[in-house]
Amino acid sequence: MIRLEHVAFRYEAMEMVFDAVFPRGSFTAVIGPSGGGKSTLLNLIAGFETPDQGLVLIDAADVTALPPDQRPVSMIFQDNNVFAHLNLWQNVALGISPSLKLDPDQTAKVDQALGQVGLSALAQRKPGDVSGGERQRVAIARALVRDKPVLLLDEPFAALGPALRRDMLSLVLAMQRARELTVIMVTHQPEDAEFAASHTAYLEAGHILALRPTAELFAADDLPGLKEYLGTP
């Protein structure tokens, strides 16, 4: 479970304050207007930003002051964070050891992760020799080998077409269910939330105005900003 207790953060003129609970094993989509603080929310959970006040709790442990590498969190970004000079196998192995010095068990773990995302045959290719979707599969495989209970996704499939985006979501959803991960995904595609997320949060101007089961949130008539954002009457 992830709990944010009056987590405050100022960025330029915007004062953000987040209070929310993300249940253990849930898949939550975060939607809302651009510039509202969605990526900042993920960065505060991951440790890339430090709140001005408040607490970030993961499974009841206070991680507010911990650096990113000491938090039980993996994060996948839109640009997939692959390294062009390394092959796909090495890019995945970085999730275990930055030195790329792996023991036999760790090597097998990388092989298994590449197989799970359908990249075994491409393991020795460089990122420049594969498609954008395949590069995102590398990022997913790296999250698999890190084996952390929390997975954060910051618009990771925004540059992909609808069919490929759905394939990637299906892959993440299967991983989330198999490992009982707590997933939070920022997206500008409401259909992605409806497809994958058990819960959806609507965030506006630095505040989470609602966090509800996905179907319930999209049917809500008490959130004028959400209706405007979705373009619904």
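Axes here are lines fitted to C-alpha atoms, for helices over the stretch in contact, and angles between N-to-C directions run from 0 to 180 degrees. On this basis, helix α4 (residues 132-146) packs with helix α5 (residues 162-179) at an angle of about 10° in the predicted model. Their axes lie 11 Å apart. Angles under 35 degrees count as roughly parallel. The two helices, α4 and α5, are therefore roughly parallel to each other.

The contact draws on both helices. From α4 come G133, Q136, R137, I140 and L144. From α5 come L164, D167, M168, L171, V172, M175 and R179. Seven residues of this α4 contact with α5 are nonpolar, two are polar and three are charged. An α-helix has 3.6 residues a turn, so residues three or four places apart point the same way.

The model also contains an open sheet of six strands. The strand order is β6-β7-β8-β3-β9-β10, and the pairing is mixed. Strands β6 (73-77) and β10 (207-213) form the edges, each pairing on one side only. From one strand to the next, the twist averages 15°. Strands of a sheet pair through backbone hydrogen bonds, either parallel or antiparallel. Strand β3 (residues 27-31) and strand β9 (residues 199-204) pair in the parallel sense. Four bridges join β3 and β9. In this pairing, V30 stands opposite A201 in β9.

Helix α4 also packs on the sheet. There, α4 touches β6 and β7 (150-154). The direction of α4 makes about 175° with that of β6.

Helix α1 (residues 38-46) was examined for burial. Eight of its nine residues are buried, so α1 is largely enclosed by the rest of the structure. Buried here means under 20% relative accessible area. The buried residues of α1 are K38, T40, L41, L42, N43, L44, I45 and A46. G47 follows α1 and has a positive phi, near 100°.

At the level of the whole protein, there are eight helices and 10 strands. Of the 233 residues, 48% count as buried. The C-alpha atoms fill a box of roughly 55 × 40 × 35 Å, taken along the principal axes. Among contacts with a separation of 6 or more, 66% join residues 24 or more positions apart.

Key: Residues numbered from 1 in each chain as written. Predicted model: local features only at pLDDT ≥ 70, side-chain atom pairs only at ≥ 80, totals over all residues. Heavy atoms only, no water. Parallel < 35°, antiparallel > 145°, perpendicular 65-115°, else oblique. Contact = heavy atoms within 4.5 Å. Nonpolar A, V, L, I, M, F, W, Y, C, P; charged D, E, K, R; others polar. Pairing = 2+ DSSP bridges. Buried < 20%, exposed > 50% of the residue type's maximum accessible area, 1.4 Å probe, protein only.
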